[in-house]
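The sequence and the coordinates come before the discussion.

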Amino acid sequence: NTRRSSGIPCPGPSRTSPPRWSLYLSERTVRILDRPVRKDEVLRDLATAAFGADEARLRILERLRLREQESSTFFNEGAAFPHLRLEEGIEPRVALGILHAGVSDVPTAEPLRQVFLIVTSLQDSETQARLLASAARIASSKALAASLLRAATPADALRELSAWEGRDRA
């Protein structure tokens, strides 16, 4: 069984369909930011959302910063996909940032409105690839992006995402 970042068990993704992000997220792991933010602030906020205030968060944040220096995952198409694979055998952890005013220190043609953080185990590269592919599909939906930007709370965002995933699979 895969677990939500909140610790609630949820069904693991099947090998034939993309994983449902709504099953991996919780209200705690969705952040809605109304003001312009810097890239490092978004990474810090999402690492905290996914890992809480424990020591792992600091290690994850440092690894994310190094990964971003090597090759940025903040692209022009309005979404960013920071991701890591850790040596430890951890359950997948994800967080979603919805940015009303974008990222102030990343020059892009289109403002960055969604940031999908994905952290998985090195032994589970397939799950990371599937979560990345699913995040890209979510990010490419203009209708969903607009719905997420209208969400007033993380619960609203989760309802929109879950409804979209249900329609997308129908």
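## Nonpolar cores

The largest nonpolar core has 25 residues, and Ile60 and Phe74 make the most contacts inside it. A nonpolar core is here a set of buried Ala, Val, Leu, Ile, Met, Phe, Trp, Tyr and Cys residues joined through side-chain atoms within 4.5 Å. Buried means under 20% relative accessible area, exposed over 50%, and partly exposed in between, with a 1.4 Å probe and protein chains only. Two or more residues of this core come from each of helix H2 (39-51), helix H3 (55-70), strand E5 (83-86), strand E6 (93-99) and strand E7 (110-121). H2 gives the largest share, seven residues. Helices (H or I, at least four residues) and strands (E, at least two) are DSSP runs, numbered from the N terminus.

The model is predicted: local features need pLDDT of at least 70, side-chain atom pairs count only at pLDDT 80 or more, and totals for chains, interfaces and linings use all residues. Residues are numbered from 1 along each chain as its sequence is written, and side-chain values use heavy atoms, with hydrogens and water left out.

Apart from neighbours within four places in sequence, Phe74 is in contact (heavy atoms within 4.5 Å) with Lys39, Leu43, Glu68, Ala80, Pro82, Val103, Val106, Leu112 and Val115. A second, separate core has 22 residues, among them Val30, Ile138, Ala139 and Ala157. In soluble globular proteins, nonpolar side chains tend to be buried together.

## Chain overview

The protein chain has six helices and seven strands. From the N terminus on, the order is β-β-α-β-α-α-β-β-β-β-α-α-α. Of its 170 residues, 45% are buried. Among contacts with a separation of 6 or more, 67% join residues 24 or more positions apart. The accessible surface of the chain comes to about 8,200 Å², and carbon and sulfur atoms account for 51% of this area. These areas come from the Shrake-Rupley method with a 1.4 Å probe; for residues, only the protein chains shown count as cover.

The expected span is 1.5 Å times one less than the number of residues. The buried residues of H3 are Ala56, Arg57, Ile60, Leu61, Leu64 and Glu68. They cover an arc of only 130° around the axis, which puts them on the same side of H3. The arc is that of the directions from the helix axis to the C-beta atoms. Their cover includes H2, E5 and E7. Glu55, Gln69 and Glu70 are exposed on the other side of H3.

Helix H4 (residues 125-139) has 15 residues and reaches 21 Å from its first C-alpha to its last, close to the expected 21 Å. Its buried residues are Thr127, Gln128, Arg130, Leu131, Ser134, Ala135, Ile138 and Ala139. Ser134 has a relative accessible area of 3% and is therefore buried. Leaving aside neighbours within four places in sequence, Ser134 is in contact with Pro18, Pro19 and Trp21.

In helix H5 (residues 142-150), Leu144, Ala145, Ser147 and Leu148 are buried. Their arc around the axis is only 165°, so they lie on the same side of H5. The face of H5 turned away from its buried side carries the exposed residues Lys142, Ala143 and Arg150.

## Salt bridges

The structure holds 11 salt bridges. A salt bridge is a side-chain nitrogen of Lys or Arg within 4 Å of a carboxyl oxygen of Asp or Glu. The table gives three of the pairs.

| Pair | N to O distance |
|---|---|
| Glu41 and Arg35 | 2.4 Å |
| Glu68 and Lys39 | 3.0 Å |
| Arg65 and Glu62 | 3.8 Å |

In the salt bridge of Glu68 and Lys39, distant parts of the chain are linked: Glu68 lies in helix H3 and Lys39 in helix H2, 29 residues apart. Both Glu68 and Lys39 are buried. Arg35, at 46% relative accessibility, counts as partly exposed.

Arg65 and Glu62 are both in helix H3, three residues apart, about one turn of the helix. Arg65 counts as partly exposed at 28% relative accessibility, and Glu62 counts as partly exposed at 38%. Salt bridges that share partners join Asp40, Arg44, Glu62 and Arg65 into one network.
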